[in-house]
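Trainee: I would like to learn how to read side-chain pairs, helix packing and backbone geometry in a model. Could we take them one by one?

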Amino acid sequence: MRYTSFLLAILGLLGAPLLGAYLADIPLNKMLVFPPMTTEVTIEKAPFSWIAFFVLLALILMFMLPFIVRILRAQESFIPISRKKHPLPWWGWLGLAILLLGWLMAWTRVPWFENFQTYTFTPPWLGYILLVNALTYRRSGWSLITHKPATLVALFVFSAVFWWYFEYLNLMVENWFYVNTGDLSKWQFFWYATFPFSTVLPAVISTRNLINTFPRLTAGLDQFIPFKTSKPGAVAWFFFLAGVIGLMAINLEPDYLYPLLWLAPTAILGATMALGGNIELFEGLPSGNWRDIFSLALAAIICGFFWELWNFHSFTQWHYSIPLVHRFQVFEMPILGYAGYLPFGLQIGLITILVERFVTYLKKKS
């Protein structure tokens, strides 16, 4: 069943957008370009709508407010846990230096550096990953760098593939596009972009690990709303089919269905993993434990803030073109767009589980 679920995931994640393009009478070669880079917007977008803005805002609050209220109420009875503090490792200070220097060079325009200005997005994130792991080690005596280096390396590799997949999905909606790519050819852009893309998974998972050293941030979520079902297989199939239909439908109505770009892959991946017997991320839900899921979503939001911050004054950067709700930007991102980081964090958690199992498999084989 594991191999079958893997094939289902590949067919759903890659095939559904192509089938949707076919049904929408969109030439398939639009979805089959390589690399799948969007440097200009060719799809006419629906103008801003207050109705759409408030409907989407209401949906976001409907899902998020119960968690926030639960955490705030739990603060009253929260009992702090004393932790032994460890010295900040030297590589944490190195990470801070790389982060600050990389940030400075990304936002500074000096003539002698202009030939390298395109390549400044990766250093701040390498520094960030080092620093966050060092802070996690200081608080807990554990970090990916010191205790799971093979997993960390694998996360960098899988991360590049992971984000290129979202560049593929963006061909349907053109919600973001890159500017100031200079004279880079498609292959040069592929290699240029692959390096920063490789930092996505390590950054979010490292941030999740640091969040977990602050129990107050998820207080009360270990005994929250239970999600029980007597037919887990049927539930998994429902989410799989919903995700496939969602990815197919985006091409039909991209102005209204673009949020499914973040929701549908999560449904497909989570469902196929559950069908294959891998329910690690969801095994606490029957007892009402939402801590792992919330910490992943929070980690993605935090990283999303820094992605948008460091992008804001970088030379080569991305801009957004969001239908119906493109207003009240925080850096380049319209404020409601940050909600996309919530399901994105869950996808990263699911991919990380697969990466860890892959690393374990390789260790057993060696």
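**Reading the features**

Mentor: Start with Lys148 and Glu356, whose side chains meet in a salt bridge at 3.4 Å, N to O. The two residues are 208 apart, with Lys148 in the loop between helix H5 (144-147) and H6, and Glu356 in helix H13 (residues 341-365). This is a predicted model: local features need pLDDT of at least 70, side-chain atom pairs count only at pLDDT 80 or more, and totals for chains, interfaces and linings use all residues. Residues are numbered from 1 along each chain as its sequence is written, and side-chain values use heavy atoms, with hydrogens and water left out.

Trainee: What counts as a salt bridge? And what counts as a helix or strand?

Mentor: Side chains of opposite charge can pair when their charged atoms come close. The rule asks for a side-chain nitrogen of Lys or Arg within 4 Å of a carboxyl oxygen of Asp or Glu. Helices (H or I, at least four residues) and strands (E, at least two) are DSSP runs, numbered from the N terminus.

Trainee: How many salt bridges does the rule give?

Mentor: Two. Glu174 and Lys30 also meet in a salt bridge, at 4.0 Å from N to O. That pair spans 144 residues: Glu174 is in the loop between helix H6 (149-173) and strand E1 (176-179), and Lys30 in the loop between helix H1 (2-23) and helix H2 (50-74).

Trainee: Is Glu174 buried or exposed?

Mentor: Glu174 has 6%, so it counts as buried. Lys30 has 25% and is therefore partly exposed. Lys148, at 32%, is partly exposed, and Glu356 is too, at 23%.

Trainee: At what angle do H3 and H12 pack?

Mentor: Axes are lines fitted to C-alpha atoms, for helices over the stretch in contact, and angles run from 0 to 180 degrees between N-to-C directions. Helix H3 (residues 90-107) and helix H12 (residues 291-312) pack at about 45°, with axes 9 Å apart. Under 35 degrees is roughly parallel, over 145 roughly antiparallel, 65 to 115 roughly perpendicular, and the rest oblique. H3 and H12 are therefore oblique to each other. Leu99, Trp103 and Trp107 in H3 meet Leu309, Trp310 and Phe312 in H12.

Trainee: Which residues does the cis peptide bond join?

Mentor: Look at omega. The bond joins Phe34 and Pro35, with omega about -5°. Pro35 lies in the loop between H1 and H2.

Trainee: What is phi of Asp25?

Mentor: Near 60°, a positive value in a residue other than glycine. Asp25 is in the loop between H1 and H2, and at 70% relative accessibility it counts as exposed. Phe331 has a positive phi of about 65° and is not a glycine either. Phe331 is in the loop between strand E3 (329-330) and strand E4 (333-334), and is partly exposed at 22%.

Methods
Contact means heavy atoms within 4.5 Å. Buried means under 20% relative accessible area, exposed over 50%, partly exposed in between (1.4 Å probe, protein chains only).
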